[in-house]
Amino acid sequence: MPREVAIIGAGMAQFGNRTDKTLMGLFKEAATRAIDHARLGDVPISALYVSTMLAGELTNQTATASALADELCIIPAAADRVENGPASGGSAVKNAYLSIAAGFADIVLVVGGEKMREVPGDKITDLIATMTHPTAEYIHGVTLPSLAAMFTRLYMNKYGVERKHLSMIAVKNHDNALLNPYAHIHRKITLEGIYSSPEAEVNNPIIADPLRLFDMCPVSDGAASVVLCAADIAKKFTDKPVIVAGVGQATDIHAIPQRPDPTTLNAVKNSAQQAFKMAKLTPKDMDFAELHDAFTILEISESEDAGFFEKGTAHKAVEEGITLLSGKFPINPSGGLKARGHPVGATGVAQVAELTWQLRGEAGERQVKGAKKGFCCNFGGFGNNVVSFVLRREN
Amino acid sequence: MATNQMIGAKCAKCHAVYYPKRDCCPICRSIELEETDMGDSGELITYTELWAVPKGISHMPLILGIVQFSNGGRVLGQISAKEVKVGMLLKPVWAVVRKVQEKEVYGFKFEPI
Amino acid sequence: MENIEQMLSLDWDIPKKPYPAKVITLSTGSKMVVREIQREEVPRLLDAIRPLVTVAADYYDIVSARMYAELLGWYRYRVRNEYCLVGIVDGELAGIVNNRLYDNKTCISYHTMALKRGGRVGAHLFAAKQEHAIENYGVDQILVTAESPIGFNRWMVEWNLEPRPGVQHELGGAAAYALTKEGYALRKSKLVFGERPVPNDLNEQALNFKVVPPDMAKDTRT
């Protein structure tokens, strides 16, 4: 019988342009905060999962989990580096969950991070593009923005999503991030500035038609961390444990053109269904969600495929303000990838950290009122590997 | 190899068509795939004009699109056309698609019929 | 002595045209007033630019040192036919651009500097100074060069400038590119914006702008 698992602490290293720290330094910053938050004291950590997609390529360091175990002085903890593209963070949390559920470990630290800003933008774009299908996509000059753009055009033509809806999501996420001290982007934007004014043509230029500058998340440095433990000992550390109620993961066809319906994110669907089934909950039971908006269109499509809105209708919910922080179903109260930032290996862990703070009532000015149950999904590749979580406050 | 024939793979069990060829079908899991000629024309179902082009691509913007063939197969490739519209008919043409570390790489591009 | 001073002292030797001020909406929703500055305002700009002369990041040192020299040259009557536009946001100086008219057919694009970063202030101001040369002075072409790769991408690529190999730009660096009046007409609808006239309250702020330390430390790129 698998053990129930709880999250007892969360921490983040400010996302942004972190010329002040190395990748290890960022890991440590986030981990130290999470460990403090968890009030572990002298209790040893049994296992460490480190999530980073490009540590080797960008910072010339491999075996980062082994290195961090030493750096944090938590040896002899078991340690693994987890790589699943942009879903590395979700996979790392999943692996931490599994190690506790299986009885392998009692107290597990997860740290995710990336240092992306030291290399030129075109090099980052190319490294990220290596996730795509080598012969069906990459070789033709595909980049993630170009895939997202083709996906967006299909979505617009099939479901009536308009540029306005994408811009509304960007404005919302920027507003939310203004209330998030750890976010990369602290900059208000307006619908007039990026969409309705004639100047929007310069302010929000086309990058990969029809996607524009403000439809794409920034390139960020940063790290995030959570501490998990067996639920039955959680009360030793906190009176507000957050239960990992459901976990799901699924892959999908790699090359987008080969998917029977390229506008359906089957990995989001399947992993979300698994997570809800395990949690014995449904999308309707959730109070909010953190979704993977590497591109604004993904907030729309993921919210549908995860089950929060009927397929092809989420843009109407955006129009009605339902997904605002003040709305009926807030999406990305943290600011999402768009404004919180996207240090690739950190994101999945940051989503879980945000859910943890929200469910504990510790999200400050961006607190979702009465948050008791939350969902997040971490999107790898272009949706060919997705990890989903359902978290809830302990009863 | 100088060829203008696009040869894909068709799943004998569920009839899904793939280009480039693959040896198992991710939809029905069959390993029985036969070669199939994709044909001389397909319809553009989506595209993008990419202004942030990767290294090794010489022109800006790079137009990429997904072309659907009558056998159901869909293929992603560069579109060489002055004007691009969803629904336009395109034919596959074997050409240099980009340079990788100064070496020319060939593949199928699409041109208007 | 007097004769030499007369010879060295230059101002405008072609008819000067006014630049009607305009308002531009930025991505933040803020409004930027773009207006031409008068010679007597140059000392204020020099004060604003001086601290950047030693900031090596993002080519601020070279651009500000050269712009400082250009504006000072104009102020002291040693450079002819130079004009300068500024962008003002919330009453604060946001950016400075300058050009010089070689004659009534050719304009030399000098420099573009954003003091408030991340809102495409530089892009809007660059467009405005070229608008002035083409639409108000009626030149046939503007010669442009770049010191920074970012500048190069922004201008040579976005504006589709025509290379002029073998033509030296007055600034003496990389080969010149040209923005012809035909090229301007083709790109105008995508790059040149703003509303006129400027509302009174914004006009006030723009006339009496404040100079605040530029946000160099903050990385405000999206």
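Helices are DSSP runs of H or I with at least four residues, strands are DSSP runs of E with at least two, and both are numbered from the N terminus. By that count, chain B has zero helices and eight strands.

## Basis of the model

This is a predicted model, in which local features need pLDDT of at least 70, side-chain atom pairs count only at pLDDT 80 or more, and totals for chains, interfaces and linings use all residues. Residues are numbered from 1 along each chain as its sequence is written, while chains are lettered from A and ligands numbered from 1 in the order in which they are written.

## Chain B

From the N terminus on, the elements of chain B read β-β-β-β-β-β-β-β. The C-alpha trace of chain B spans about 40 × 35 × 25 Å along its principal axes. Of the 113 residues in chain B, 35% are buried. A residue counts as buried if 20 or more other C-beta atoms lie within 10 Å of its own, as exposed if 12 or fewer do, and as partly exposed in between; the C-beta atoms are placed from the backbone. Two residues are in contact if their C-beta atoms, placed from the backbone, lie within 7 Å. Take the contacts in chain B between residues at least 6 apart in sequence: 43% of them join residues at least 24 apart.

Three strands of chain B form an open sheet in the order β2-β1-β3, with antiparallel pairing. Two strands pair if DSSP finds at least two bridges between them. The edge strands are β2 (17–18) and β3 (33–37) of chain B, and each pairs on one side only. Strand β1 (residues 7–11) of chain B is joined to β3(B) by five bridges, and the two run antiparallel. K10(B) has E34(B) as its bridge partner in β3(B).

## The nine-stranded sheet of chain A

Chain A holds an open sheet of nine strands with mixed pairing, in the order β3-β2-β4-β7-β1-β8-β11-β10-β9. Its edge strands are β3 (78–82) and β9 of chain A, each pairing on one side only. On average, neighbouring strands of this sheet are turned by 20° against each other, direction ignored. Axes are lines fitted to C-alpha atoms, for helices over the stretch in contact, and angles run from 0 to 180 degrees between N-to-C directions.

Strand β8 (residues 242–251) of chain A runs antiparallel to β11(A), and nine bridges join them. Here V244(A) stands opposite L391(A) in β11(A). Helix α1 (residues 23–38) of chain A packs on the sheet. The helix touches β1 (5–16), β2 (47–51), β4 (107–114) and β7 (221–230) of chain A, and its direction makes about 140° with that of β1(A).

## Strand β10 and its neighbours

Strand β10 (residues 373–380) of chain A is mostly covered, with seven of its eight residues buried. On one flank, β10(A) pairs in the parallel sense with strand β9 (residues 288–290) of chain A, over three bridges. F288(A) has G374(A) in β10(A) as its bridge partner.

β10(A) also pairs with strand β11 (residues 385–393) of chain A, in the antiparallel sense and over eight bridges. In β11(A), V386(A) is the bridge partner of F379(A). The hairpin of β10(A) and β11(A) has four residues between the strands, and G381(A) there takes a positive phi near 55°.

## A buried alanine

A272(A) is found in helix α10 (residues 266–279) of chain A. Why is A272(A) buried? Because 27 other C-beta atoms lie within 10 Å of A272(A). Leaving aside neighbours within four places in sequence, A272(A) is in contact with G248(A), A306(A), G307(A), C377(A) and S388(A). A272(A) and G248(A) are 24 residues apart in sequence, yet 6.1 Å apart in space, C-alpha to C-alpha.

## Where chain A meets its partners

At the boundary with chain B, 27 residues of chain A are in contact with 29 residues of chain B. On the chain A side, α5 (121–129), α6 (144–159) and β5 (206–208) each give two or more residues. α6(A) gives the most, with seven residues. By class, this side of chain A has 14 nonpolar, eight polar and five charged residues. Ala, Val, Leu, Ile, Met, Phe, Trp, Tyr, Cys and Pro count as nonpolar, Asp, Glu, Lys and Arg as charged, and the others, Gly among them, as polar.

With chain C, 20 residues of chain A are in contact with 16 residues of chain C. The chain A elements giving two or more residues here are α8 (191–196) and α9 (200–203). This side of chain A has eight nonpolar, seven polar and five charged residues.
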